[in-house]
Amino acid sequence: MKTLRVLSAMMVLVLVTGLVASCARPTEAPPEPTEAPPPEKRVLRISFSWPTYIDPAVGSDFSSSSSLCNLYDTLVFPTTEGGVDPHVADSWETSADGLTWTFHLREGIKFHNGSELTASDIAFSMNRMLEIGEGYAYVFLGTVESATAPDDYTVQFKLAKPSGIFLISLVRLYIADEEEVMDNIVTPGPYGDNGDYGKEYLLTHDAGSGPYTVKEFPLEEYLLMEKYDDWFGEFHPNAPDEVKFIGTTEPATVRTLMSRGELEITDQWQPIEALEALDEMEGVDVAAFLTLTEFYYMMHTQKPPTDDIHFRRAMAYAFDYEAAVALEWPGTQQSRGPVPIITAGHNPDVFVFQRDLDKAREELALSPYADALDDYPVEVHWITDVPAEEKWALLFQANMADIGINVEVVSTPWTAVVEETGDIETSPHIVTIYVSADFPEAGSLLKVRYHSDAAPTWSQNEWLLDDELDQMIEDSLTTVDEEERYAKYRDLQDYIMDLCPSLFLYDQVQKQAYRSDYVDFPAARGEVIPLMGLVFFAPKIGVTGP
Amino acid sequence: MGFITFLVRRILHSIFVLLGLSIVIFIISRIMPGNPARMAVGPRAPQYVIDEMSRLMHLHEPLHVQYYYWLRDALHGDFGTSLVTRRAVADDMKEFFPATLELTLFAGVIMAGGGIFIGILSAQHKDKWIDNVLRLVSYLGVVTPSFIFAIFFLLLFGMALEWMPTMSRLSPGVSPPRTITGLITVDSLLAGNLTAFLDALWHLILPGIALAMGGLAQESRITRSSMSDNLTKDYIASARSLGIPERVIMRRFLLKPSLIPTVSILGLDFAGTMANAFLVEFIFNWPGSSSYGYSAMLRKDLNAIAGVVLTMGVVFIVVNVLVDIVVGLLDPRIRLAPQRGE
């Protein structure tokens with residue numbers, strides 16, 4: 001009984017302590033940090049969808065790309081116009097047949113560990129990426145035959161075929177220090193003598209020479225990077241001393257952090273309502289800018305009834321694009337064709353569908369399925385992980401009802417979409433997906449969207465399997481002359497529109513709330529490097545508060 | 001002796017429960033949509049890389065063979081590599097599980113202390129205004145999911161009033177203590193680092209209370225109900241007729257038997273809290289194993305799913321055995337009752 005009395009007393013004590021601690025304003029401030037950062041330290045904190053991979057041969061998603069460009073250097077650096085500037089390479093030339101590319105390097109570039117960046121590190125980084133086959137390897141696989149270093153400051157790539165986008169694709173070849181990586185391999189591993197090729201080490205460390213270096217990386221929480229003062233590039237006068245990528249997209253958390261001055265820029269996944277609330281906060285604005293991402297309704301061209309072009313055209317005419325655009329952030333525009341308008345090689349004269357119910361009915365009348373619409377319901381799969389997609393699916397359903405087409409809206413998890421779109425039999429009539437171009441060139445997107453090689457992947461539910469189209473895409477991508485290549489891209493867009501394989505809803509506007517009162521965010525000024533992750537290239541962002 | 005036999009039997013049963021759990025979770029994780037090899041190497045990885053990953057994961061083998069490989073490694077403490085974090089699941093669990101354990105222990109203390117205290121208070125003032133108010137609050141606690149409390153606390157105490165920290169286990173700049181148990185409050189006390197201890201405690205309050213609210217309400221309702229029942233028993237009337245003071249009756253004759261159902265439910269609530277903490281962990285960016293398990297589910301991270309579920313299963317079983325012991329201590333009929341066959 002005595003024990004019970006003690007227990008009761010403890011319970012009361014705990015309860016009272018809990019209530020007092022939670023309900024009463026503390027008379028003392030929270031405990032002082034043991035190592036408080038100096039007040040003059042500039043910190044840039046951005047929320048991200050997690051996880052993030054900082055191994056240059058593994059990461060390729062949004063947060064990973066944003067991290068990699070801050071930790072590693074590349075041979076060339078992308079420009080806001082969609083081209084490239086010299087970076088680690090100060091010059092380059094290509095052979096007459098377009099199969100050999102030679103780059104001459106700047107001297108004296110130092111990795112974060114102090115050793116010098118040389119050509120062998122670049123050859124190593126390319127070979128490592130190709131052997132691992134993950135991350136951005138798909139950009140180079142099938143194109144790059146070999147990477148060698150004739151001397152310390154010259155690196156040479158032999159290509160299997162000429163490539164018009166090879167130069168721009170090098171912005172995804174992040175250069176790692178060969179010695180540091182190989183000193184930290186774990187053996188045995190899946191890569192023979194190379195053990196694990198340093199994958200375990202590079203999970204939480206960097207081996208780069210970029211403007212920032214990893215300071216702390218608790219995997220599920222955040223990535224903290226600190227400024228590398230010996231970086232060879234130029235910093236904004238108020239560039240952050242520390243950059244922290246925080247792994248959360250939960251709207252209530254993000255909003256709270258923003259209001260407390262503990263977050264400078266939000267992730268791009270905040271719902272419209274959350275962005276509007278953030279926009280109303282004092283000192284907070286929303287930066288909105290066009291991206292290389294387009295929202296598609298991918299129609300299966302081999303499965304009844306969407307295998308019939310008149311049926312597809314009827315749906316394209318029946319859809320209300322204006323209403324669809326109105327559901328997005330102000331300033332969003334209807335897509336003009338198969339590639340976003342800011343993509344180099346976009347065809348401004350391409351045919352664009354508008355809602356016209358008379359034309360829709362005319363097209364439907366030409367379809368063999370016109371008299372049996374009840375027997376051919378159309379399944380639209382939208383991705384459960386992106387709840388906002390449902391409203392467009394419901395709009396589509398309502399629009400199609402206007403011409404008598406029955407639409408079944410199906411919420412489908414992303415993992416299931418990846419699986420079902422891998423097979424022509426299991427792919428649904430329509431899948432709604434955002435697809436991004438890897439590079440600001442029309443060809444890079446057209447290849448992953450419409451080439452037959454991409455048919456068994458999530459980036460093409462259309463199953464076009466069109467040899468002529470494949471030939472046109474390959475021909476354009478191997479054309480080294482820029483103007484000629486762009487002309488071919490334009491022809492490609494006309495060809496695709498004639499097939500009407502997809503509905504092109506809108507070019508995605510990336511929206512991010514940011515502390516406009518103390519952050520100089522170039523993207524908000526319209527200075528956007530149109531490549532995934534590059535808007536968070538921290539050396540160009542200024543921070544003067546909070 | 002009977003009680004020890006009972007416990008041994010419970011522990012032996014637990015092993016079979018774990019084995020059954022491992023089979024169920026293995027099958028569920030395998031039939032979930034999505035190719036885990038593709039998820040592991042990224043959606044645009046070439047086919048040969050996916051095939052190689054499938055081979056490494058034994059995905060080309062029949063299900064029972066896959067289970068054999070998986071169980072063999074699991075018995076050696078090797079749950080394989082997480083497809084999300086890309087490191088050993090065992091390492092992940094070592095890092096993330098203590099965070100969840102610390103949070104749920106804190107919530108458990110609030111549930112037990114607060115629930116029993118409120119229950120007693122309600123029973124003592126049965127059908128008076130204080131009882132009515134506490135019952136109303138309890139109903140609210142039971143019907144409101146913990147994540148609603150989490151968002152409410154975050155917006156009120158974190159954003160509007162700015163009294164409390166809103167994310168992570170420690171403030172930026174506070175040096176974490178050397179990891180011994182992984183529970184920062186405990187490790188910081190062991191290291192004599194009072195600043196880290198207070199800061200960790202400070203960070204526990206909002207997510208801990210949010211997590212505890214459902215259980216707290218449940219415990220208070222059960223304690224009240226149990227005490228109310230016991231109040232009508234003959235032995236209480238007898239005690240009153242003998243002139244024993246009400247305070248003594250309450251403490252000596254009423255509280256102990258009334259706590260038995262509360263303790264039983266408390267065990268279940270505690271284990272359930274641990275498994276269901278993922279939304280609260282997400283909201284407070286708490287690096288725990290619940291949110292880790294949730295991410296694993298979304299990404300079809302088979303090894304991590306199995307690791308998390310089995311760990312939670314072990315916790316569930318351990319807590320239930322502990323509850324049996326406590327209930328046995330509280331109720332002699334249980335610990336002294338002869339077991340079947342004796």
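This note walks through some features of a two-chain model, point by point.

1. **Before you start.** This is a predicted model, so local features need pLDDT of at least 70, side-chain atom pairs count only at pLDDT 80 or more, and totals for chains, interfaces and linings use all residues. Residues are numbered from 1 along each chain as its sequence is written, while chains are lettered from A and ligands numbered from 1 in the order in which they are written.

2. **Confidence in chain A.** The predictor's confidence in each residue is called pLDDT and runs from 0 to 100. Chain A averages 91, and 93% of its residues score at least 70. Take care with residues 1-39 of chain A, where pLDDT stays under 50. For that stretch the model has 43 contacts beyond four places in sequence; a contact means that the C-beta atoms of two residues, placed from the backbone, lie within 7 Å.

3. **One sheet in chain A.** Helices (H or I, at least four residues) and strands (E, at least two) are DSSP runs, numbered from the N terminus. Two strands pair if DSSP finds at least two bridges between them. An open, antiparallel sheet of four strands has the order 4-5-7-6 in chain A. Strand 4 (89-94) and strand 6 (144-151) of chain A each have a single partner strand, so one side of each lacks a neighbour in the sheet. The twist from one strand to the next averages 20 degrees. Strand 6 of chain A is joined to strand 7 (residues 154-159) of chain A by five bridges, and Thr148(A) sits opposite Gln156(A) in strand 7 of chain A.

4. **A second sheet in chain A.** Here the four strands of an open sheet follow the order 1-10-9-8, with mixed pairing. Strand 1 (43-47) and strand 8 (212-216) of chain A are the edges, each with a single partner strand, so one side of each has no neighbour in the sheet. Strand 8 of chain A runs antiparallel to strand 9 (residues 222-227) of chain A, with four bridges between them. Look for Tyr212(A) opposite Lys227(A) in strand 9 of chain A.

5. **A helix pair.** How do helix 15 and helix 16 of chain A lie relative to each other, roughly parallel or roughly antiparallel? They are roughly antiparallel: angles under 35 degrees count as roughly parallel, over 145 as roughly antiparallel, 65 to 115 as roughly perpendicular and the rest as oblique. Helix 15 (residues 442-450) and helix 16 (residues 467-477) of chain A pack at about 155 degrees, with axes 10 Å apart. Axes are lines fitted to C-alpha atoms, for helices over the stretch in contact, and angles run from 0 to 180 degrees between N-to-C directions. Among the residues that meet are Leu446(A) in helix 15 of chain A and Ile473(A) in helix 16 of chain A.

6. **Where the chains touch.** 57 residues of chain B are in contact with 51 residues of chain A. On the chain B side, helix 5 of chain B gives the largest share, eight residues.

7. **Backbone details.** Most residues other than glycine have a negative phi, and most peptide bonds are trans. The bond from Thr187(A) to Pro188(A) is cis, with omega near -5 degrees, and Pro188(A) lies in the loop between helix 6 (178-183) and helix 7 (199-204) of chain A. Another cis peptide bond joins Pro304(A) and Pro305(A), with omega about 0 degrees. In chain B, His58(B) has a positive phi, near 60 degrees.
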